[in-house]
Amino acid sequence: MLTPRLDNQHVSTPRFEGRTVMTRNIVMMLSAMVVAGVSRSDVATGPSPDAYHVVIRYSIDALRTERVRQFDEMSKLFAKAGFRRDDEPPENEAIDRRFTRMMGTIPAKGVPLVTTQRHVRCVLLWPKDSKLPDGDGRVRVELYLANGFTPETQRLIARQTALALGKAGFVEAFGYDAEAGSKLVGSMPASKLELALEDPRAIPEAGGIPGPFRNLQTIRAIIARPDWPVPTSRPSVPAVPPEEEKYSPDLAAAIKAGRADAPGRLEVLLAYTPADTDRTWLDIVRQGGASVEGRIGPLVSLAAVPKIAAPELAKQPSVLAIRLPRSARRAPSVKSNPPTDWSPLRRSGVAQLHTMARRGAGTRIAVLADDFTGWDLLPGVKEKRVRHIDLSSLRHPQLDPNPPGKGDGARYARSVIEVAPEAEVILLRVPPDAPYMVQNIARIINGEPARFYLLDERLRELLAARDRVSDLRDNAARLRAIYLDDPREDEEGLKRRKAFDDAEAAFKKLEAEVRQRSTRWFDLDRDLRSLKGVRVVASTLVWADGFPVDGSSALSRYFDDQPFKSALWFQAAGDTRGQSWSGLFRDEDGNGLMEIHSPGKRLPKGVWTPEIAWLSWQGKDGKSNASIDSGVLRVVLQWKEPHDPLPIRVGEDPYRLPLARMRTIVVRQFDPNGAKRPEDDLEVIGQSAGNPIRLEQTATSATYEIVLDVKLPGPGRYGVMIEGAIPPYDSPPGEAMTPASRRSLEIRPRLFIDAPGAESRPIFADLPSDTAAFGMPADARQVLTVGAADANGDARTDGDQGSPYGASLVRRPDLLAYGLHGSGDAACFAAGMAATSANAKGSFASFVEAVRSRPGGLVVIPPSK
């Protein structure tokens, strides 16, 4: 309990420069806080009481008459401020310098006046209608510190004060408005408030803290709020067991939850990218019963029982990481409401081409999507101008396709058929977690040999099944001969007859199955070979995370590093506008948190720190809501590091882990409006753990990624923070290098947010939406990236626009096309337009020239004269 005190261990407060500035700044903060309920950054600090209990610690360094004069001066100012004393004034208080305390009440508007009094060293305030907890009960505290120093010194004072008070049980809150290092927020035992009020330097365990802390009284005011909840501190980062260090968080969670016991799929990232002729990697990944489905760059897709295969794969030195498959994103489409008489064929000029008998005849178009449910009802199926190739069947030994899904492939295909009704359209169903299939399709179209490991695996299984059929045939013949040698109808004879019948039935059943599988295999092989000669491709599959999205992925490099001239490849730009952001890593205040908002710009309303990227929620109506629904929020942090190639030696991998160590943090705001508690009260609901995954490595750089999946506790306002530190140079720690050979390290991380399976999507509320907007392979330079236009010909609000990650001078998409159901729809519409625009020789030169002449513009056919 706080009581009047006779201070026999008086600590004289040294005088120091900047006191006038410090006092003025303290007054500004306190007057804003206790009177208006807002902080200097216009952040609502919750309801403020009209009056406070107050304990004033003062110190008058004067003797006798002069002390009495100064004490009277101080007392008159307190009375003017409305201070009413509760404690019994000690005898001789005015002349005895050992007395340093007064207790009472004061109106909120009088607090700033008291703190300006030159003899006041510190004040402790708590609302008049509340009571401090007894004993070690924790109470919320806001500590206002001595200020007026340089920014670096101010932040150091705050860190040192928090460290000292931590010895007395102070627990600092996370993410609050620190007022440029002049304020601390947290909680501490009520019994320890005396230590903060007196002088933190008197805490025995704080004696070793150096200056500036040891040279001054750092705490100027304490506001305790027992009427508010105790602020939450940041929890410790969960430790990752050594045996799970190579697991992605979602894989580790699936194994612990028992969701990885059944056959499924895994993706393995190798420490190197195997050459095309290298086969040694196959033995590395065939562990624990895993079989190879495909490979793209260093990433290998496996069919396996994750719980069994993952531990065996983790033992392989060449395996960097093991994760669950990453799928191409199926974006929730924002609803479009075009006028009833609106026709994209008329608006685009395609109807005019149809009247000129240019309807795509003789052009073969391939459409790639993850599902074509209902394709058999499309126009042109009966005429055999539209056919379907289901590559998901390659994943099953019986070559049966996956069950029908809920994709928009049939809707996209209808756009192609309406624009080019006489073209031959091939619908290619590609599993959304199989980018290696997209690359193989591109190889076949480009006249190159494909590497369908699944097709070869199914052939080996088929040949083995044929051998099994031969064995069953021989066994049935043997049993038949035994029965015919003695065809009696007694008990033994009947047993021989039954054995023969069962063997013959098993033989015929397997023979029929193998015959069906053989037919399916040869049909599929023939269909894949027939892709050679396709002139136009519309790909609706985009991977927004899980792969490098700066054009360095194996799939994007395939299009960029060698000529792909056999067909026009129209690639959907993606429908994730506002979900990605990239910027230079800065940590000017040295607190280990990246300043996400650009320096020098005024922060948006309700944002008190540049270190938080606040999120909002966009529904199918295109409107945004600051409150995010419950569900799972996925936060993906990806960055590319330049590396010095000199330290790389045979048998060593100095960049297995990144030079920059980063972590993502998701916070929840308790009271966005500051109605019942401060607006900057935050709760950490998730933070990434474990090592980043290296997605790609070259001789001079590497790309890393961190994924954090957070189950949201309910509706509320959420934000994302990036914690990390950037080393000064691009060489590994401890590497001996001359100063002239050192190169500074600059990193621009990319944030991507998503809500898998949700009907709506999260977007950044206050960050620019035109940075790092495109996924793989829309980041490739040589494909035609297509964005969706609405009925007015303007870019849709959810369509990706801007610059690809790492290419700030490049603007995408390459063109806009009408697509009321997103960029996949637009890519198909553009592909159909290209087919109808081909000249008599089948050349698309005029169409490509029109696109290149108006980059990013809406493609229309000019009216004929």
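Student: In this predicted model, which residues touch the most other members of the largest nonpolar core?

Tutor: Since the model is a prediction, take this as a computed picture. The largest nonpolar core holds 53 residues. Those touching the most other members are Leu-368, Leu-391, Leu-394, Met-437, Leu-531, Phe-559 and Trp-569.

Student: Okay, and which element gives the most to this core?

Tutor: Several elements supply at least two residues each, including strands E13 (364-369), E15 (424-429) and E24 (693-697). Helices H13 (453-485), H14 (491-529) and H15 (554-561) do too, along with H12 (435-445). The top giver, with seven residues, is H12.

Student: What does Leu-391 touch, leaving out residues up to four places away in sequence?

Tutor: Leu-391 is one of the residues that touch the most other core members. With those sequence neighbours set aside, its contacts are Arg-429, Val-430, Pro-431, Met-437, Ile-441, Leu-524 and Leu-528.

Student: How many residues are in the other core, the one lying apart?

Tutor: Look for Trp-342, Val-542, Ala-830 and Val-859, which are among its members. That separate core has 52 residues.

Student: Now helices: is H11 roughly parallel or roughly antiparallel to H16?

Tutor: The axes of H11 (residues 409-419) and H16 (residues 823-837) come within 8 Å and cross at roughly 20°. Angles under 35 degrees count as roughly parallel. So H11 and H16 are roughly parallel.

Student: How many nonpolar residues are in the contact of H11 with H16?

Tutor: On the H11 side you'll find Tyr-412 and Val-416 among others, meeting H16 residues including Phe-829 and Met-833. The contact also has four polar and two charged residues. The nonpolar ones number six.

Key
Residues are numbered from 1 along each chain as its sequence is written. This is a predicted model: local features need pLDDT of at least 70, side-chain atom pairs count only at pLDDT 80 or more; totals for chains, interfaces and linings use all residues. Side-chain values use heavy atoms; hydrogens and water are left out. A nonpolar core is a set of buried Ala, Val, Leu, Ile, Met, Phe, Trp, Tyr and Cys residues joined through side-chain atoms within 4.5 Å. Buried means under 20% relative accessible area, exposed over 50%, partly exposed in between (1.4 Å probe, protein chains only). Helices (H or I, at least four residues) and strands (E, at least two) are DSSP runs, numbered from the N terminus. Contact means heavy atoms within 4.5 Å. Axes are lines fitted to C-alpha atoms, for helices over the stretch in contact, and angles run from 0 to 180 degrees between N-to-C directions. Angles under 35 degrees count as roughly parallel, over 145 as roughly antiparallel, 65 to 115 as roughly perpendicular and the rest as oblique. Ala, Val, Leu, Ile, Met, Phe, Trp, Tyr, Cys and Pro count as nonpolar, Asp, Glu, Lys and Arg as charged, and the others, Gly among them, as polar.
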